[in-house]
Amino acid sequence: MSDLAEQLQALLDERGVVDTLHRWSDAFYKGDVEGVLDCFTENGSFSMTRAADKPPNLELSGKSELTEWMHEHEARVPPGKASQIVAHPRVGIDGDRAESACFFVVIHNIDGAPTLFSTGRFYDSLERCDDGRWRIAARRGVGEMRREKTS
C-alpha cells in the first residue's frame, strides 16, 4: 500500500506543477495580474532571453517588479491580442521542490490574423507552498524562434 500511496502522491504533485504552468499561461494572456502573481512564490523571479546564447533581455524578481512589468506588457499587448500555448511539460519532483521544462508557442493577432510570433522553452523551479499549491520560484524563458519584424 505504501508504494501505491507514494505513486499517487507523485502523480498529484506532477499534476499540481503542470496546473501551475497552465494557470500562469492562462492568466498572463488574460491580463490577470493577480492570477499571474499567485503562480509565483513571494520572491519569485522571471527572466527571458531571445536565444540560448544571448544574455537575458528581461530580469524580474519579486511581486513588485512582476506587477510593474505585467502592466507594461498589457499596455503593449492588450488581452485578446495574443495567446500562449505551453506543451510537453517534463516534471521532476524532489519533496517540496520541483523542476520543470516545457515548450511554449506565442500567437499574436497581427492585422486581424492569428500569426505565429515566437517559440521557446520555459525552465522552472517550483516550490510547494504552505497552502499545498505549487508556485514558481524561478522561471527562465529561452526563445528559440521569433517572427522577424516586417515594415
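What you're looking at is a predicted model, where local features need pLDDT of at least 70, side-chain atom pairs count only at pLDDT 80 or more, and totals for chains, interfaces and linings use all residues. Residues are numbered from 1 along each chain as its sequence is written, and side-chain values use heavy atoms, with hydrogens and water left out.

E5 and E6 (residues 134-146) are antiparallel partners, with eleven bridges between them. Strands here (E, at least two residues) are DSSP runs, numbered from the N terminus, and two of them pair if DSSP finds at least two bridges between them. The hairpin of E5 and E6 has five residues between the strands, and Gly 132 there has a positive phi near 90 degrees.

## Strands E4 and E5

On to E4 (residues 97-110), which runs antiparallel to E5 (residues 113-128), with 14 bridges joining the two. Ile 107 faces Leu 116 of E5 across this pairing.

This hairpin has two residues between its strands, and Asp 111 takes a positive phi near 55 degrees.

## A look at Glu 59

Now for Glu 59, which belongs to strand E2 (residues 58-61). Glu 59 is exposed, as its relative accessible area is 61%; exposed means over 50% (1.4 Å probe, protein chains only).

Setting aside neighbours within four places in sequence, Glu 59 touches Phe 46, Ser 47 and Glu 65, where contact means heavy atoms within 4.5 Å. Met 70 lies eleven residues from Glu 59 along the chain, and their C-alpha atoms are 13 Å apart.

Terms used: Helix = DSSP H or I, 4+ residues; strand = E, 2+ residues; numbered from the N terminus. Buried < 20%, exposed > 50% of the residue type's maximum accessible area, 1.4 Å probe, protein only.
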